[in-house]
Amino acid sequence: MKKHLLLLTLFIGCFFASYSSFAQSEAAVYFNSLTLNQDSSKVLLSIKTTESFIVGANRYVLHIGGQTFYQSFHPKGELNEIIFFIPTYDFSNLIAQSNMVLVYGFYHQNTLQDGEGNSQHGYIGKHWRIGEFTPELLKKN
Amino acid sequence: MKIILLLSSIFICTLSFSQTPDPGLPGEYEVSSQEYDFGDETFVTPSFPDMIEVIGSVHYPSDLSDGPFPVLVFLHGRHSTCYNGGSTSIAWPCTGSWSAIPSYQGYDYLAEQMASHGYIVISISANSISSTDNTTPDYGMRARGELVQHHLNLWKDWSTVGGDPFGDLFIGKLDLENVGTMGHSRGGEGVIEHALYNRELGSPFGINAVLTLAPVDFNRPVLNGIPIMNIAPYCDGDVADLQGVHFYDDARYLDDDDTMPKHNLMMLGANHNYYNTVWTPGEFPAGAADDWGYVDTWQTDEHCGSSAPENGRYTPEKQRNSLLAYASAFFRVYIGGENEFDPILKVTDVIPPASSTLDPEDIFMSYHPPTHKRVDVNKQIGEDAELTNDLMTDVEASGLVVYDICGDDFGEQYCIGEGASQEPHNKNGGVAVLGLSQLELEWNSADDYYQNNLPDFLTDFTQFDQLQFRAAVNFATSPTDTELNFNIVLTDNLDETASLPVGDYSHALFFPPGDYGTVLPRTMHNTISIPVEDFTGIDLENIKNIRFEFNESAEGGILISDLALSSNNPVLLPPIANFEANITTSCTGEISFTDLSTFNPTEWFWDFGDGNTSTEEDPIHIYETNGVFTVSLTVTNEAGSDEYIETAYIEIDRPLAPLAEGTSVCGEGEIILNATGAGGTINWYDSPGGTLLGTGTTYEDYITETTNYYIQEEMPNELMSVGPPNRFFGSGGYFGANDLRGIFFDVYSPFILESVKVYANGSGIRKIQVLDGEGGTVVHSLDVDIPNGESVVTLNFPLEVHDGYYIKITGALVDLYRINDGSPDYPYEIPGIVALTGSNADPSTDFYYFFFDWKIRESNCLSPFTEVTATATPSFEIETSDDVTIIAGETTTLTATGGISYSWTPETGLSDPDAGTTDANPAVTTTYTVTALNEEGCASSAELTVTVEGNLNVKENNQVISLQPNPTTGVLNIQTEGVHFPYTIEVLNLAGQLVYKHEKVTETIVQVNLDNLSDGLYYIKLYNSKFETIEKLIIR
């Protein structure tokens, strides 16, 4: 019996060790903040996770309505936060209350979230819905 | 799954074991390894924001005496960079208690194996790039390429002059003309980028094989001219759309001169990470993961989920064994020249090497032979391939439920409709680039077939070794979990047939396993290759068609591509001439011809039908005369030649050449030229098609030499319409989302997009843009104040030839009408000029966005050139006699030459003022101007002065002057009486020049010695203030 318990413990331990290194649940990923960078050329949209963002070959892509943003970084290399660059011009053209969705990977279908007969497909790829876009949250420096 | 296993058993029984030597076994060399580390922040490149580490390892034969050895370079991909216990980060450099994750060491098992076969294997660290690459537009790909090159430069030093840290260990031991590279994950695109970068630099290193391992393909670079192999792990949960297959797909037909093969290897049970031991759980303390869990968190998928019973996943060890076997085969063939492993790569032996520990149903290879070793029967590219193959012969299909080329346009970019992850070939990345054009077939009767007929020049199959194509089972239309089969049938000219079931040669018609959301199952084409010699009982020298007979599986659906005949040796066939022109009617006269001949012609001879010819491959010809012209192309290679004629192919209707008369000017000067046209704009050039000098019917210039001008009349072209004329052909509404939707269009011949019609839901300024593709570069951008309701928006966008333009509204305000009910009938086109191919909505053909009734105007019509000459007659100078001095009362002769008529002024004292030669006896000193005209009517003038001095023998009273002797031989005695002293003696020649002078003479008799004067007539002048007398003096 002890042997079985030991094996079970090892199995569970190994199992979670294998999967604890990246964010896996939707609730674990959430919008954090909107700030301007130093020269006000970009808005920095911060997303955080209680777990860890994946560090792999693919790229995190941020969809806000039908707009797509690709450039991002992890502040200080820490994997509980990812910040996307949004050019201020693009930011001013984003539609308030659009859905914000973070996707691991770029998929063309995910750009079709506009009521053009495609939104019923939802998003493909590993993704997290992180709420509605609220431009008023932008913190002015 | 059970059916698959059963069929697999049958298959394995048919093809029991591999005949090919096993490339994955260890070699005979003992192996040593060393690390090198020049610091975490050492390499700097403008293409990357951060400093990059120069760290790596090398595995090599311990006994280097057999060197130089070929070189392999491995580049890992993006992974966590630092760890601290079980925690990871993506910082760089790692500081404090954090240590670097040595991703570059994760391929040591492969490096050791290759070193044992006599390779020097370098694996380099790229953690710094992983740390920051998501902030750069190209995701650090250029920097990865530059980093590989930097390491190779270091190794060049170590292999030539040596140096730290290796001293002279590697001097002369690396063959840097024979280098293979392997990149994993983002490193896969990195090594493609490196090969292109090395080529840009003039190929300082010989990159002879590139292996991309589970790569990304974010930027869609294409590498031709180097053998490539892409490895696609079916259970990749990271690069979940297996986008690296595009390195194979995109390169296949891009370069007609590409003599290098391409391979794609699908490993049916592999994931992304297990190729790297550092990324494999249990092998490294932090950051490792089974990436399939990225998409299938609880690993439940029946095939890829490691928690599912009887799943199809490889263990980490099996995955590494598979890489050992196939990477070894690839590098040992293309770097090592060990061609005995060819059958594994060329799909002529589909049994995995024993060292891979794989079964035949675990792994599938695609092989694209080089251009000179294959003949493409049907590439399955474009809708035309449904009717005509690449040999320009008919294609037939009978009874098929579905028979359709798909993936070839944006309206049908996915063949099954399931999207990127389930159709990796048709992954559409961040840029609008189509994927694989392929043929979808579905059958439900044993009578159904698909047949490619063959032309007379390709009936002899004995020159080929294999009949091959790529195929995948369409999981959407085929019976679930059922492996398909059908027959390949060759028919000879006596209608004898030989039929071979595909299932006897390949397991590639498996039903793609797994069933997970939008990821599995998924299609990937794999090569099916059948030896030609196995088709027995027919005359292989007289084959007339290739037929796919669907009489094995009762029903099914497949996707196929790349039907070809291939040979192990170069295939030399006479060329088949073919060509096309960019347009066939023109009012400019300029036509671009493109050679479309097959079988690699080496010489071209074009006859444009107007008396002009060219030997260029793709000439541009300007027709000077109007008419209808027949064009022919004769192409030649070592095997023969062929001619293709297009009768009455080109119709030229240019405006008449304008009229103009030349003018002339003497020497240099201003000119005014006038031209007459037919009402268009007349342009003045310095040469035909040269620099534009001016515009208008009159041209003024100042010339110093004869100058030719070339005038051409430019007439506005016809205004044409394309696209739906208005919004009323379907139903829709106003679309307000910003910067989302637009229309794709192709331009085949340059034109100006003058205007479009729009329907606005409220007035306001909109920004209309044309880009070179969705997400591409902005070509034109215009802010337009669009009123409410219907209006015509003037754009005047000049557009060059390009496929895939994209027109859209950007900015906050859109609110324009679009159709969204499926009514659009793409393409809207004017053949040879423009085609509106679809929208960027999905499905693209259901929507029509914003821009109706396009008004376009092709380039203005251009007349032939008229040459106009402004002649600058060369200036001339007349020659005259010299200025002359005469004594008053004398006559002299004036002459002028060089002209054909003369005029002297003033006329005083001249005998004939209109002659070239005239006598002159002016009473006083006179300067004459003589003006002459030459044959061209140009004038030239000169001046000539006649100086008149005194009078002969004018003396005072009682003066006596005696010159003795006169004539004299030189000594002259002058005796005077009654003159005042002192006086001066001067002797002048007939030209009035002073030749002797003696002043202050006070003697009555004086002797003058004139010995030095030549014989002739002179004047001797004696004078002072009281008198002056001149006498003639002759010296003999």
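The contact between the two chains takes 38 residues from chain A and 50 residues from chain B, two residues being in contact if their C-beta atoms, placed from the backbone, lie within 7 Å. On the chain A side, the elements that give two or more residues are helix H1 (2–19) and strand S5 (72–73). H1(A) has the largest share, 3 residues. Helices (H or I, at least four residues) and strands (E, at least two) are DSSP runs, numbered from the N terminus. By type, the side of chain A that touches chain B divides into 14 nonpolar, 18 polar and 6 charged residues. Here Ala, Val, Leu, Ile, Met, Phe, Trp, Tyr, Cys and Pro count as nonpolar, Asp, Glu, Lys and Arg as charged, and the others, Gly among them, as polar.

The model is predicted: local features need pLDDT of at least 70 and side-chain atom pairs pLDDT 80 or more, while totals for chains, interfaces and linings use all residues. Residues are numbered from 1 along each chain as its sequence is written, and chains are lettered from A and ligands numbered from 1 in the order in which they are written.

Chain A holds 2 helices and 9 strands, in the sequence order α-β-β-β-β-β-β-α-β-β-β. Of its contacts between residues at least 6 apart in sequence, 65% join residues at least 24 apart. Of the 141 residues of chain A, 40% count as buried, meaning that 20 or more other C-beta atoms, placed from the backbone, lie within 10 Å of the residue's own.

In chain B, helix H8 covers residues 316–334. Because 17 of its 19 residues are buried, H8(B) is largely enclosed by the rest of the structure.

Notes:
A residue is buried if 20 or more other C-beta atoms lie within 10 Å of its own, exposed if 12 or fewer, and partly exposed in between; C-beta atoms are placed from the backbone. The expected span of a helix is 1.5 Å times one less than its number of residues.
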